[in-house]
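Take a look at the model first, then read on.

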Amino acid sequence: MIPMVNLKAQYAEIKAEVEQGLAQTIENCSFILGPNVQAFEKECADYLGVKHAIGVASGTDALHLALIAEGIGAGDEVITTSFTFIATAEAIKYVGAKPVFVDIDPKTFNICPDAIAKAITTKTKAVMPVHLFGQPANMAKIKALCDQHKLKLIEDCCQSFGASINGVQTGAIGDAGAYSFFPSKNLGAFGDGGLVVTNSDESAAKIKRLRNHGSDVRYYHDVIGYNSRLDEMQAVILRAKLKRIEQYNQARRHAAHLYSELMADLPLTTPFEDGLGVHVYHQYTLLCDRRDEVLKALQDQQIGCAIYYPVPLHQQNVFKQECAGVSLPVTESVAARCMSLPICSHLADEQVKEIAAVIRGVLTA
Ligand SMILES: *Cc1c(COP(=O)(O)O)cnc(C)c1O
């Protein structure tokens, strides 16, 4: 049996450190915005090369609070991708704005800068690219468009912790970046968690207020906020993993390159690295016309596999009505053929070889 993500093997390496940190937190009883959240925020800001990193309750909240802090609201349009997890668009809806879905690049599956340019209207207030599957979006082009049209740039970095462009981390390029620490993400907690990063003192102050009931000083409330703090226990776990994130991402890249090498001659399309940035392979996603057969063979061998994402957002029931008439041919064609294989910080070469052999068996039979 090979799971999509082997969290047990990852835990075995950090068990002692995590147990000690958790025990100490329980002894100290400093459970809310305690020393570990503060230290983790500082460590993240240093690692990501940003002025501010603010721990929140989830990646979805990170996107939501970043949108509020950047002044996006009712009637505004936010250009984003349809080929992503629902949370990207949910956050836009939470602030009363309209997600405007545009098509993706057929090779990287990331939002297409030319499609963004064509979708800009007088109502457009922000662009929200997703660094999908861990590969940075084409930020040079996207940033230039945002600067030219005076649009806010909010990066959905929920799949891209550690990915960078010319040494600059994703999230440090736009006005704000939102990270998720959902357990299966590249940097995963033992529950939910998230982070907003920004270089703006003003935005950081707003986000700190918003995550804590609209309050800077306890029991004095300036705006309607939320209860969306990163949990102290999760911060203990995240600090242990942050120390090892380079090693984790390197292991993902190694496994991805081995997969691609082993399957290079097969009738499928292995992931494309555009070379504009460092891909950290949150997912290893390929295109295959015989997807159903391959998925079945893997399932029969108890090998994890999944479709990210089977239904693009503009075709989801929740968006069907407001997206009537929207046609995104590249997105639709990719969604019909994509499939993801197991990848994580602890996937052995032998397992990659076994998985590639099963796929070879199907496609060369
Ligand atoms: C995981 C994810 C989110 C949401 O993060 P949560 O922590 O689960 O709320 C948002 N956007 C993308 C692209 C994601 O992959």
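Domain bounds here come from an automatic or database domain assignment. This is a predicted model, where local features need pLDDT of at least 70 and side-chain atom pairs count only at pLDDT 80 or more, while totals for chains, interfaces and linings use all residues. Residues are numbered from 1 along each chain as its sequence is written, and side-chain values use heavy atoms, with hydrogens and water left out.

**Domains and their interface**
- The assignment gives domain 1 (7-102 + 110-242) and domain 2 (245-363), with C-alpha centres 24 Å apart.
- Contact (heavy atoms within 4.5 Å) links 37 residues of domain 1 with 34 residues of domain 2.
- Between them the domains bury about 3000 Å², 57% of it on carbon and sulfur atoms; buried area is the accessible area (1.4 Å probe) lost on putting two parts together, summed over both.
- On the domain 1 side, Phe83, Phe133 and Asn186 lose the most area to domain 2, together 25% of what that side buries.

**Cavities**
- On a 1 Å grid over the protein atoms alone, a cavity is a set of points where a 1.4 Å probe fits but cannot get out, and lining residues have an atom within 4 Å of a point.
- The largest cavity has a volume of about 70 Å³, the space filled by probe spheres set on the points.
- Both domains give residues to the lining of the largest cavity, so it lies between them; among these lining residues are Phe109, Phe133 and Phe272.
- The second largest cavity holds about 60 Å³, and its lining draws at least three residues from each domain, with Asn186 and Arg252 among the lining residues.

Technical notes
On a 1 Å grid over the protein atoms alone, a cavity is a set of points where a 1.4 Å probe fits but cannot get out, and a pocket is an open set with protein on both sides within 12 Å along at least five of seven lines; lining residues have an atom within 4 Å of a point.
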